[in-house]
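Work through the exercises below with the model open. Try each task before reading its solution.

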Amino acid sequence: MMASSYNAKEEDGHITVSGPGTLKSKKPDNTAFKQQRLPAWQPILTAGTVLPAFFVIGLLFIPIGIGLYVTSNNIKEFEIDYTGTEPSSPCYNCSVNFSWNSSRPCSCSLPFTLEQPFESNVFVYYGLSNFYQNHRRYVKSRDDSQLNGNVDSLKSPSKECEPYAHSDDKPIAPCGAIANSMFNDTLELFFMDPNGTRIQIPLTKRGIAWWTDKHVKFRNPGGDNPNLTSVFQGTSKPVNWHRPVSELDSDPENNGFVNEDFIVWMRTAALPTFRKLYRIVQKKSHLVPTLPSGNYTLEVVYNYPVRSFDGRKRMILSTISWMGGKNPFLGLAYITVGAVCFLLGVVLLVIHHKYGSRNNSADIPN
Amino acid sequence: MDNISGEFALVISGHSLAHALEADMEAELLMTACACKAVICCRVTPMQKALVVELIKKHKKAVTLAIGDGANDVSMIKSAHIGVGISGQEGIQAVLASDYSFAQFRFLQRLLLVHGRWSYLRMCRFLCYFFYKNFAFTMVHFWFGFFCGFSAQTVYDQYFITLYNILYTSLPVLAMGIFDQDVPDRRSLEYPKLYEPGQLNLLFNKREFFICISQGIYTSLVLFFVPYAVLSNASQDTAEPLADYQTFAVTTATALVIVVSVQIALDTGYWTIINHVFVWGSLGLFFSIMLAMHSQTLFSSSPNQFHFVGSAQSTLLQPVVWLTIALATVICIVPVLAFRFLKLDLKPQLSDTVRYTQLVRQKKRKAVCFSGGAGVRGAAGSTSEGRLGARGGSRRSGYAFAHQEGFGELITSGKNMRLSSLALASFASRHSSSWIDTLRKKKHSHTPTPPGAASGDSSPAPSCVSGSAAPPLSNSPSVLGGSQDAAIEEEEARTPPPSPLQAKPGSSTSHARPPSTTLLAASESTQGPSTGGGPGDTAPSAQGESGGWTLSLGAVQEALSNWRSLGVRSSSPGPPSL
């Protein structure tokens, strides 16, 4: 029985306030907004909407996953660890005999073989493990306005850079722990021709940093002054560097703060195991693979100590596709999720048919 | 809630209550009172009213509500959990002391069944979602701690952390907390059983809270580890690695905002235009603010503050990033969808069933509206729909005209209505095929003799007006000693003899004599019981036309009909209710 048929003295009782002269009604406005009658869409999770959604997701994800997996499998990657922890490793002597103020750099060379030829552009990365570039104190330790070329910040670095802000009573340029720990190993690749000659593979050092980093975020102080030695006069190099920042590269467009290796290093990594782009092997022509299969040698100038914190160093060679480097996880994850979705849809369909409530004849108990 | 068996009521006066509320007796009073269906305390002082409320509050695990209109109710209103004051004849003392106030007692039903229920529903959904989104947001840092040496490095950009709860996720949940409805207000009143979840604390208790929290933790796990697994080895299509901190931050933040937006979209059950604006607007706001903050303009103004320059633009152009976000969203949302669907399918609550039937009815009505445009019967059809779809609150009258005998007989035969009154029962048991014939027969048989029972009490004619006319009014035969036959002949005699069945123009809508006119009108035209129009009082004219013996009765009749018309009008003379 509808409970709303009550007796009422008047239509909808309202209180009228008689002010000076006017009769103001306290009845609230009968608008759709105030009476909560706004037109609205009321969705319901019915079998007709949910189950097709599951099947669609499943059918969409599985082909995407397969495409990603196949693409990833076609990308070629090669990795070689050159930390030198075992005595049998060529770089063992360099890693053991490392000292901070050694004048002669230590070199080692590692031979490796490429089973398959690498086509198109090949990218050379260096990888570090157990290196926490995402530690909070480390991430804070930089001065972005100094790196942007601000002369005031050049002479007085920010407090965040402490204790790497001053050395020898002079401000450090670039200041901070991130700059101080810049990776300074030199890697060179040589191809061992079958007839015995060593061919050095030309490596490009330009084009490895983000465009916004190179052209907006990092600017040399003093505008376009090519004489960087005078620009950086009165500052000292970071403590762990061999050379000052004005001598990073002979190319004036790659010197100072805008040196691309420096920029790449300053873009801190999110995880303790990471890789950074080092060099690019440009493709030659369509007919010849960039790196043919065969024997190669990696020559390392071992400047960067990682043994003290159980870190590891490695070199990675990789080709690229539209989805970036080799990433089997993405393809497998898509296939798995798609399959699980589809299976879930089937299971829910079965359950719905056998046990689901029949909403056709809605009998509402009262 | 106690199981009350038997129909007992307790009536206790103030004097006795004074003794019953003594310390040694009050437990007994409580037990007795709670075993009754209703308790009436009369002649009580304000203090005693408050003491009774406090007795219940102290010993029973229940929420108490006190409603009153006078200054003597103030203490009771104050001591109950919820105090309701009625503003009106007795002043506004009760209003000033109460939590809610309105003008008429009958509004209490709407307060409880509609607004109270909606408020509980909205509050529970709001709370659940709020805990969920904050756990999803914050626990990512917990998982990241394992990979950053527990140095408290944040995963997101600092500005995102500031704006997440203020701008990006606050408006949609606010809109849900204000506008959400699971069933419309009419259905809430129709099915009082929907009020039960509020009383049983079903929508937000420890179990629901735990489920909210676990969903938040699961989401945070997915939101951290999926980008972790994908981006740690990924590169852009220009070969720069995607594993840098800023790309990771942008990816995780975007995935988070999208996932919680999809979740609020699933939680919202009533999408007004405002909900749409808030949900999609918040997403748009997120992207625009992020792109603005990562722009070169802001960076040049303060390099140390806005050091994320170029991140969003660079990251969000990578297909791998969007694939990661889509993967994370699906992994987060699909289990939720599956659980909710299963719950709805296997164990639907009453509100789910009501909601479903309501929407099915709406669809059917739309279909009928579109298809029933033409035809004579279409008029009647649309009238009935008009009644069905009439908005609660404003009363509309429906008029249907047809040139043949319509539904009047069906209605007046009482076959499709509850027979709640004696007279109606006797009327319906006539077994006459046509009411018109009955009427004609009576007219012919009674015209020569004056009606024995001269007390013209056209009593239960309202039978065709509403199925359940107010019983005291319809039992007026006992008051005035008349019978049903007398009523009919009375009305007949009042009208001009040549056309006894002719509907009086204008008077058909008269309030002053709803019984006569509607009865007569029903035979001629299927004029439904009408409530519109003012009381076109034609009684004097009828009086003059009738025979002399009715003059003295006419005055009585007039008084009676006036008295009754108030009752009839108020007893919702609409069509048989749904």
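**Exercise 1. Determine the handedness of the link between A:Cys94 and A:Cys106, and locate both ends.**

Step 1. The torsion about the S-S bond is -90°, so the link of A:Cys94 and A:Cys106 is left-handed. The S to S distance is 1.8 Å. A disulfide is a pair of cysteine sulfur atoms within 2.5 Å.

Step 2. A:Cys94 lies in helix 2 (residues 92-96) of chain A, and A:Cys106 in strand 4 (residues 106-114) of chain A, so the pair ties together parts that are 12 residues apart in sequence. Helices (H or I, at least four residues) and strands (E, at least two) are DSSP runs, numbered from the N terminus.

Step 3. A:Cys94 is buried, at 3% relative accessible area. A:Cys106 is partly exposed, at 27%. The classes are buried under 20%, exposed over 50% and partly exposed in between, with a 1.4 Å probe and protein chains only.

A note on the basis: this is a predicted model, where local features need pLDDT of at least 70 and side-chain atom pairs count only at pLDDT 80 or more, while totals for chains, interfaces and linings use all residues. Residues are numbered from 1 along each chain as its sequence is written, chains are lettered from A and ligands numbered from 1 in the order in which they are written, and side-chain values use heavy atoms, leaving out hydrogens and water.

**Exercise 2. Describe the disulfide of A:Cys161 and A:Cys175.**

Step 1. The sulfur atoms of A:Cys161 and A:Cys175 are 1.9 Å apart. With 40° about the S-S bond, this link is right-handed.

Step 2. A:Cys161 sits in the loop between helix 5 (151-155) and strand 6 (166-167) of chain A; A:Cys175 sits in the loop between strand 7 (170-171) and helix 6 (177-180) of chain A, so parts 14 residues apart in sequence are tied together.

Step 3. Both A:Cys161 and A:Cys175 are buried.

**Exercise 3. How many disulfides does the structure hold over all chains, and which pattern do those of chain A follow?**

Step 1. The total over all chains is four.

Step 2. Count the bonded cysteines along chain A: the pattern is 1-4, 2-3, 5-6.

Step 3. A:Cys341 is in no disulfide; the nearest cysteine sulfur belongs to B:Cys332, 13 Å away. A:Cys341 is buried, at 2% relative accessibility.

Step 4. In chain B, B:Cys128 and B:Cys212 form a disulfide, with sulfur atoms 2.2 Å apart. The pair links distant parts of the chain: B:Cys128 is in helix 6 (residues 107-145) and B:Cys212 in helix 11 (residues 206-231), 84 residues apart. Both B:Cys128 and B:Cys212 are buried.

Step 5. B:Cys124 is buried, at 7% relative accessibility.
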